[in-house]
Amino acid sequence: MPFYVILQLIFISITATSAMTWFSYAISKSFRELYKEPVLLIYAIDKLKIDHSARSKKTWGWLTHYIIGFLFVVGYHIIWVKNILPVSSLSALLLGVLSGLIGIFSWIIIFKMTRHQPPIDFKGYYIQLFFAHIIFAIVATALYALMLIF
């Protein structure tokens, strides 16, 4: 993969992950619930009993969140380059739904593996997570389409 493409995918993933995170933070604040993925990742890292400072765990929580976003965008890129789906509004929605389901399933596994049961409304969290991934996919698809033009 050319260096220029990697830079584009990094930019797309940072922007899409930031949009998703902003949505999660806004919903979290609106419903007064802890729906913040990076914060929940920090708690999950803490439950793994990894001996790091609180600052280091916070860094790893945020970094993990953005790395996962990058991996999703790389997956989208492969799907588009191999012409499995076109770069379109419909594929954005389809990828968002698929990503949302993957995200929900992943968090169920994370909570089970770490035995972390945060005091959250799980149903509400999974619903907002689903829509956050749709926002992620829409932003990623829109930016990817723009990158094709330039």
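Is Lys57 buried or exposed? I looked this up before anything else in what is a predicted model, and found that Lys57, with a relative accessibility of 13%, counts as buried.

**Entry on the salt bridge**

I then searched for charged pairs and noted that the structure holds 1 salt bridge. Its partners are Asp46 and Lys57, whose closest N and O atoms lie 2.6 Å apart. Asp46 belongs to helix H2 (residues 37-47) and Lys57 to helix H3 (residues 54-81), so the pair ties together parts that are 11 residues apart in sequence.

**Entry on H3 and H5**

I next followed H3 to its contact with helix H5 (residues 122-149), where I recorded that the two axes come within 11 Å and cross at roughly 55°. H3 and H5 are therefore oblique to each other, and I noted the crossing of H3 past H5 as right-handed.

Which residues of H3 meet H5? On the H3 side I listed Gly69, Phe72, Val73, Tyr76, His77, Trp80 and Val81, and these meet His133, Phe136, Ala137, Ala140, Thr141 and Tyr144 in H5.

Terms used:
Residues numbered from 1 in each chain as written. Predicted model: local features only at pLDDT ≥ 70, side-chain atom pairs only at ≥ 80, totals over all residues. Heavy atoms only, no water. Salt bridge = Lys/Arg side-chain N within 4 Å of Asp/Glu carboxyl O. Helix = DSSP H or I, 4+ residues; strand = E, 2+ residues; numbered from the N terminus. Buried < 20%, exposed > 50% of the residue type's maximum accessible area, 1.4 Å probe, protein only. Axes fitted to C-alpha atoms, helices over the stretch in contact; angles between N-to-C directions. Parallel < 35°, antiparallel > 145°, perpendicular 65-115°, else oblique. Left-handed = near helix turned anticlockwise from the far one by under 90°. Contact = heavy atoms within 4.5 Å.
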